[in-house]
Amino acid sequence: MEPILSIHGLEKSFGPLKVLKGIDLDVQKGEVVCIIGASGSGKSTLLRCLNLLEEPDGGHIWFGGQDLTDLYADLDGLRQRIGMVFQSFNLFNNKNVLDNCTLAPISVKHIPRAQAEETAIRHLKAVGLEDFIHADSRRLSGGQKQRVAIARALCMEPEIMLFDEPTSALDPEIVGEVLDVMKALAKEGMTMVVVTHEMAFAKEVSDRVVFMDQGVILEQGAPAEVFGNPKEARTREFLSRYLEDKGV
């Protein structure tokens, strides 16, 4: 089956620092891929390259039959089909929850307001925010803001969702409410690439775990393989504190 996303030889440097050193990765439609690794391993840079928030220095990213790195690629059109959820929410604080969710569908996809609002309300209800549809975005908790951010991305009806450490800015007691939304999306068959430090989530929800180290994919496989029997010494070292906990 042709992958929905195919990455070949991806490279990215910041000045003299080479952050991505030739990444190859395919993602199938409906697959949940969790990317794990130590801070500075290149995980977030890889994710940000997938919708050209960071411009790669080399390699190719194929999505929907087009190479995003091609000078003539319709980046605006392709980005509309790729949802992105950031660790810092990135909501518009001067707009309420509903307006945050309808802005892009109305202004970018030119969807009539009534239709955009109907779609937004459906997604806000799905993430458990039916009581906050007209709320001031500034008055929400971190977990609520992140659920709005997920609903906002879904309002563009994306074919794939990218999550960049979506729980890292949240207090521990509210991490679960965001992870529950992501678990529900996975069950519905949404294609997802998730950079995360939540090992229990990666083990429970992902179809494949990718371990990055120093700008390369060192190991990847089914969660049971990577967590239960990691092949690389560096993977074992990274996972050691989690492997000691039999509940993970």
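## Report on a predicted model

His123 lies in helix H4. With a relative accessible area of 11%, His123 is buried, because buried means under 20% relative accessible area. Leaving out residues up to four places away in sequence, the residues touched by His123 are Ala151, Leu154, Cys155 and Glu157.

Most residues other than glycine have a negative phi. Gln214 also has a phi near 50 degrees, again positive and again in a residue other than glycine. The loop that holds Gln214 runs between strand E9 (208-213) and strand E10 (216-221). Glu157 counts as partly exposed at 44% relative accessibility, and Gln214 counts as exposed at 56%.

The relative accessibilities of the individual residues treated here are listed below.

| Residue | Relative accessible area | Class |
|---|---|---|
| Leu98 | 4% | buried |
| His123 | 11% | buried |
| Glu157 | 44% | partly exposed |
| Gln214 | 56% | exposed |

**Helix H3 and Leu98**

Helix H3 covers residues 97-107, and its buried residues are Val97, Leu98, Asn100, Cys101, Thr102 and Pro105. Helix H4 (113-126) and H5 are included in what covers these buried residues.

Leu98 itself is placed in helix H3 and is buried, its relative accessible area being 4%. Which residues does Leu98 contact, leaving aside its neighbours within four places in sequence? They are Glu117, Ala120, Ile121, Ile133 and His134. Between Leu98 and Val32 there are 66 residues of separation in sequence, and the C-alpha to C-alpha distance in space is 28 Å.

**Packing of H5 and H6**

Two packed helices are described by the angle between their axes and the distance between the axes. For helix H5 (residues 142-154) and helix H6 (residues 175-187), the axes come within 9 Å and cross at roughly 25 degrees. H5 and H6 are therefore roughly parallel to each other, since angles under 35 degrees count as roughly parallel. On the H5 side, the contact is made by Gly143, Gln144, Gln146, Arg147, Ile150 and Leu154. On the H6 side, Glu177, Val178, Val181, Met182 and Leu185 take part. Sorted by class, this contact of H5 with H6 has six nonpolar, three polar and two charged residues.

**The chain as a whole**

The protein has nine helices and 10 strands. Its radius of gyration is 18 Å, close to the 18 Å that the globule rule gives for 248 residues, so the protein is as compact as a globular protein of that length. The C-alpha trace spans about 55 × 45 × 40 Å along the principal axes. Of the 248 residues, 51% count as buried. Among contacts with a separation of 6 or more, 65% are accounted for by residues 24 or more positions apart.

Key:
Residues are numbered from 1 along each chain as its sequence is written. This is a predicted model: local features need pLDDT of at least 70, side-chain atom pairs count only at pLDDT 80 or more; totals for chains, interfaces and linings use all residues. Side-chain values use heavy atoms; hydrogens and water are left out. Axes are lines fitted to C-alpha atoms, for helices over the stretch in contact, and angles run from 0 to 180 degrees between N-to-C directions. Helices (H or I, at least four residues) and strands (E, at least two) are DSSP runs, numbered from the N terminus. Angles under 35 degrees count as roughly parallel, over 145 as roughly antiparallel, 65 to 115 as roughly perpendicular and the rest as oblique. Contact means heavy atoms within 4.5 Å. Ala, Val, Leu, Ile, Met, Phe, Trp, Tyr, Cys and Pro count as nonpolar, Asp, Glu, Lys and Arg as charged, and the others, Gly among them, as polar. Buried means under 20% relative accessible area, exposed over 50%, partly exposed in between (1.4 Å probe, protein chains only). The radius of gyration is taken over C-alpha atoms; the globule rule is 2.2 Å times the number of residues to the power 0.38.
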